[in-house]
Amino acid sequence: MEHDPDDLIASQVKALSRAVSEAGINARDIAALGIANQRETTLVWERGSGKPVYNAIVWQCRRTAGYIHGLKRAGHADLIQAKSGLMPDAYFSASKIRWILDEMDLQGRAEAGELCFGTVDSFLAYNLLEGRPHVTDATNASRTMLYNLGRQDWDDDLLRLFGVPRGMLPQVKDTAGLFGVLRPDILGAPVPVAAMAGDQQAALFGQACFAPGDVKNTYGTGCFMLMNAGENVPVPQGGLLATTAWRIKGQPAFALEGSVFTAGAAIQWLRDELGIIKDAAESQALAESVPDTQGVCLVPAFTGLGAPHWEMYARGTLTGLTRGANKAHLARAALEAIAYQSNDLLQMMAATLGRRPRDMKVDGGATANDFLMQFQADIGDIRVLRPAVRETTALGAALLAGLGIGMFRNPREAAGRWLLEREFIPDMAPDKRQQLLSGWERAVKTALYEAGSRREAPCS
Amino acid sequence: MAQYLAALDQGTTSSRAIVFSPEGRPKATAAFEFAQR
């Protein structure tokens, strides 16, 4: 999976110009601009001309899975995890850089300092900022698998492992702080660019998760959950990742991160493959038309199971079917599965940090589903807070930029911009919760058992 | 007078930009999709 680099720049410039003109303001009315971006996606360009040597390789792209498998077999997993906080995977930038240098036969030019690597933030900065700075921020650097979390610097051992010369890497700056000014030809004024952050970290900030244990969950095709882990690098367990949450005035904060592979995709499955709902919104009414799933449990492991199970061979599993099971029970089971999987992540993060969060902030498309949000609160015995501004990624980038130019003295001052839209309060008897969680655990065990036999005799 | 904050949100399927009021409310949003190959 690739993007045309020119498309990234052109669409972003158009979006910015349109937003400013629709706001009816002058570019000089913008105190600062923040950039949030898809993470890990990898670009390499010529230092002299700025011309990319290859398309952007998108984070989802699995083309380097074999290379990563080789690194793991050679016993490098512990080194990578200890230094970068990440599990070796094709997802992160390092193996994608390696692929571009090999495929385009560019190792020599990279060694000679003629090439620049950057994630999307870095490529945007290089192309949109006055003076073409080659910069990134600590959150984006943390997703490359080349960055030492504890030392907050590129790591020589990891650079050697992937054969990436230090000279092609961007300078790593604080997440909030002056990166430069926009080229005046873009908006007609040199607007200060005062924050850059990976999208999930920007959302964590936009959700005002400033204290250790504060957690946000984004419900998209999958879920991305990040929990603030404080000022020391956390030791992740069970397939969680450690990452930089942000770095402000030289002081890093860290986060635990985990993902659910199939969340909103389970609702799309009800709609597109089973045809039992016409649109995603209908799933709520259908689920609420029955008081429970009648014991039906769906483990939507369509592409395997993520943390805390990490079983790539798992597949979707439906348990507890009786003669009376109907489409409403199935729809309800699909929505509940999103909450169960998120809850498994949440409990693992809480155990890792030794903190039980008071509440969980939520964003993303599926948070419009009140049934899902209430079930999430019930099953986790946790208050679920849905904010008024659902664009938490952009809000986070904007607030970080405000911090970067000193509009706010500290994150807490910016937090006044976070407003609650609705709070979902847990309302389920403990024995009922325990009964449901046991049912989910049995269904997951069934999926894992079946994955074990699939691993020995793969049939798909 | 400079008082607004703006953000770019460069995602996997679209490039977005949002202008926020000084109170942190979205004042204008624009998005353009691009191809993935």
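**Entry 1: chain B against chain A**

I looked up the contacts between the two chains of this predicted model and found 32 residues of chain B in contact with 49 residues of chain A, contact meaning heavy atoms within 4.5 Å. I then took the buried area, which is the accessible area (1.4 Å probe) that two parts lose on being put together, summed over both. For chain B and chain A I get about 3,500 Å², with 62% of it on carbon and sulfur atoms. On the chain B side, B:Leu8, B:Gln10 and B:Arg37 lose the most area to chain A, and together they make up 22% of what that side buries.

Notes on conventions: residues are numbered from 1 along each chain as its sequence is written, and chains are lettered from A and ligands numbered from 1 in the order in which they are written. Local features need pLDDT of at least 70, side-chain atom pairs count only at pLDDT 80 or more, and totals for chains, interfaces and linings use all residues, while side-chain values use heavy atoms, with hydrogens and water left out.

**Entry 2: chain B by itself**

I assigned elements as DSSP runs numbered from the N terminus, with helices as H or I of at least four residues and strands as E of at least two. Chain B has 0 helices and 3 strands, so its order from the N terminus is β-β-β. Its C-alpha atoms fill a box of roughly 40 × 15 × 10 Å along the principal axes. Of its 37 residues, 57% count as buried; the cut-offs for relative accessible area are under 20% for buried, over 50% for exposed, and partly exposed in between (1.4 Å probe, protein chains only). I also checked sequence separation: among contacts in chain B between residues at least 6 apart, 4% join residues at least 24 apart.

I went through helix H6 (residues 120-128) of chain A and found 9 of its 9 residues buried, so the helix is largely enclosed by the rest of the structure. The list reads A:Val120, A:Asp121, A:Ser122, A:Phe123, A:Leu124, A:Ala125, A:Tyr126, A:Asn127 and A:Leu128.

Next I took helix H1 (residues 5-23) of chain A, which packs on H6(A) at an angle of about 70° with the axes 11 Å apart. Axes here are lines fitted to C-alpha atoms, for helices over the stretch in contact, and angles run from 0 to 180 degrees between N-to-C directions. H1(A) and H6(A) are therefore roughly perpendicular; the classes are under 35 degrees for roughly parallel, over 145 for roughly antiparallel, 65 to 115 for roughly perpendicular, and oblique for the rest. The crossing of H1(A) and H6(A) is right-handed, a term that applies if the near helix is turned clockwise from the far one by less than a right angle, anticlockwise being left-handed. H1(A) contributes A:Pro5, A:Leu8, A:Ile9, A:Gln12 and A:Val13, and H6(A) contributes A:Val120, A:Phe123, A:Leu124, A:Asn127 and A:Leu128. I sorted these residues into 8 nonpolar, 2 polar and no charged, counting Ala, Val, Leu, Ile, Met, Phe, Trp, Tyr, Cys and Pro as nonpolar, Asp, Glu, Lys and Arg as charged, and the others, Gly among them, as polar.

**Entry 3: helices H13 and H14 of chain A**

For helix H13 (residues 327-353) and helix H14 (residues 370-380) of chain A I read an angle of about 45° and axes 9 Å apart. H13(A) and H14(A) are therefore oblique to each other, and their crossing is right-handed. The residues of this contact divide into 8 nonpolar, 5 polar and 2 charged. Among those in H13(A) are A:Arg332 and A:Glu336, and the H14(A) side includes A:Phe371 and A:Phe375.

**Entry 4: A:Val362**

I placed A:Val362 in strand S18 (residues 359-363) of chain A. A:Val362 is buried, at 0% relative accessible area. Its C-alpha atom is separated by 7.5 Å from that of A:Tyr219, 143 residues apart along the chain. Leaving out residues up to four places away in sequence, A:Val362 touches A:Tyr219, A:Met373 and A:Arg386, among others.

**Entry 5: backbone items in chain A**

I found a cis peptide bond between A:Ala307 and A:Pro308, with omega about 0°. A:Pro308 is in the loop between strand S16 (297-299) and strand S17 (317-319).

I also noted positive phi in residues other than glycine. A:Lys249 has phi near 50°, lies in the loop between strand S14 (241-248) and strand S15 (251-260), and is exposed at 71% relative accessibility. A:Gln294 has phi near 55°, lies in the loop between helix H12 (282-288) and S16, and is partly exposed at 40%.
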